[in-house]
Amino acid sequence: MRLSSSGEANARTGLVAWFDERLGLSGAIDFLRHKAVPGGAHAVWYYFGGVSLFLFGVQVATGLLLLFYYKPGTETAYKSVQFIVTGVPFGWLIRSLHAWSANLMVFAVFVHMFSVYFLKAYRPPRELTWLTGMALLALTLTFGFSGYLLPWNELAFFATKVGTDITAVVPVIGTGVARLLRGGDDVSEATLTRFFGFHVAILPAAFTAMLLVHLFLVQRHGMSESIGQKGEEPKAMPFYPGFIIRDAILWLGVLGVLLVLCTFLPWELGIQADPFASAPAGIRPEWYFAFVSQSLKYLPAKILGIDGEVVGICAFLAGAGFLVLVPFLDRRAARGERSPLFTVIGAAIVVYAVVMVTLAYVKPY
Amino acid sequence: MGSRGEEVKSIGRRRLLDVLLSGGVIAFLGAVFYPVTRYLTPPPGREPAASSVTAAGVGELKPNSGKVFRFGSKPGILVRLPSGEWRAFSAVCTHLQCTVQYRADLERIWCPCHNGHFDLTGKNVSGPPPKPLEAFDVVVKGDEVVVVRRG
């Protein structure tokens, strides 16, 4: 008895040793043990990047499962999603997970972005980490926008019409880009085919590549300590096991929240798109685009002789440009000083977005 | 003298090679991206052949109501005024291309996407739409209401 168990143990160590020799695992574990993550009062904000990453994993897994039944095409898309949620065992769960996890991922990515913003973690030498993060945010929103159309329901059809027409508003390149996105002059089957291609091939490839660069940069520079913490004795936590365990517990919690949402509030499918029906009253895009949509309602037809929506979209583009370039604009943070002006600007952006999204749901007209 | 002359010659050769090589790279990228860009740009759509369409039956719409109909590849809206008169417009909102609807309570054409209002001549009267809706002619032929593109 004793002999056999010790023999087993030997075999296990033998196997581990075999892989260790070939993969250098002990070196990697040793490295993780010595890698430290800053602790302290702001530590909670360091987890949202990880949560975004976890939800991206959920998206990949559930997305692959949906591909087994989804059929792109104006005649088949809606019916295939209907079949997934009504005819396929656990189909309702997979589809709901994909939709809810997408929304939570957008939320987590926004929280991650703004926590980095308010902690001024974009300051040198992490400008490229910020830029790749902004690219990942843009890709996340494009994922949301392209995936929204795929069930070919009424809300998605009009959201895509408006969304692609907004790109047409952008001066000079807009019309060409809109045609490129739509695969023609209108939102049609060609648009669905293109969005499907974007959503399941081009965006995942681009996102994965950008994510690897982002993670490499995070690893290379380590996590940023906030400006106020400078000079104090830095509180630190080992990445393994301390940070990893906390990450895992949080991810499990997020998965729990997801499953509760999917079970009690399964994602609706709506009614099939009809290109020759009126847009329904109360129509609005996903919440993460609602601040744009709601703002456009308040703009007059003409501002200083220019079409209102052109002014509005250019203002939003300028705002996005500001966020992208903030590491190069915030000179005080770059010198390691506090920069309250940028905190105020960030707070104004958050308040504006929250007010507009709330209005879109509470008082759309 | 002779060695300097060789140096000048070799710099000339190096430059020539640089130009040829970078020119080759640019030409290669052009040869890849030009067809790809052209491929991705959709070929021009077929213009809607329809210059007129039967939008509804005469008895189909009560006064103060409207109906969206298919006019070529785009939606149109047929409105029966409270007076019983017929009007027809493009149903594509001039703001961001949502499909408009008739609001009997306001006696106006309304776009729910961004709260745009048009009066019953198609004029943009409130909200963000920058232009009036394109108007069509309506001809009643027997039992049919026929909408005809102008011009």
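**A first look at chains A and B**

Asn64(B) sits in the loop between β1 (52–57) and β2 (65–71) of chain B. Welcome to this structure, a predicted model in which local features need pLDDT of at least 70, side-chain atom pairs count only at pLDDT 80 or more, and totals for chains, interfaces and linings use all residues. Residues are numbered from 1 along each chain as its sequence is written, while chains are lettered from A and ligands numbered from 1 in the order in which they are written. Helices (H or I, at least four residues) and strands (E, at least two) are DSSP runs, numbered from the N terminus.

**Backbone features in chain B**

- Although Asn64(B) is not a glycine, its phi is positive, at about 60°.
- Asn64(B) is partly exposed, with 16 other C-beta atoms within 10 Å. For such labels, a residue is buried if 20 or more other C-beta atoms lie within 10 Å of its own, exposed if 12 or fewer, and partly exposed in between, with C-beta atoms placed from the backbone.
- Gln97(B) is not a glycine either, yet has a positive phi of about 70°.
- The loop between β4 (86–90) and β5 (101–103) of chain B is where to find Gln97(B), and this residue counts as buried, with 21 C-beta neighbours inside 10 Å.

**Cis peptide bonds in chain A**

- The bond from Pro124(A) to Pro125(A) is cis, with omega near 5°. Pro125(A) belongs to the loop between α5 (91–118) and α6 (127–149) of chain A.
- The peptide bond from Tyr240(A) to Pro241(A) is cis, with omega near 5°. Pro241(A) is part of helix α10 (residues 239–264) of chain A.

**Domains of chain B**

- Chain B is split into domain 1 (1–41) and domain 2 (52–148), with bounds that come from an automatic or database domain assignment.
- Taken over C-alpha atoms, the centres of domain 1 of chain B and domain 2 of chain B are 60 Å apart.

**Where the chains meet**

- In chain A, 30 residues are in contact with 24 residues of chain B; contact here asks that the C-beta atoms of two residues, placed from the backbone, lie within 7 Å.
- On the side of chain A that touches chain B, the elements giving two or more residues are α7 (154–169), α8 (174–182), α11 (287–298) and α12 (308–329) of chain A.
- α7(A) gives the most to that side, with 5 residues.
- The residues of the side of chain A that touches chain B divide into 16 nonpolar (Ala, Val, Leu, Ile, Met, Phe, Trp, Tyr, Cys and Pro), 9 charged (Asp, Glu, Lys and Arg) and 5 polar (the others, Gly among them).
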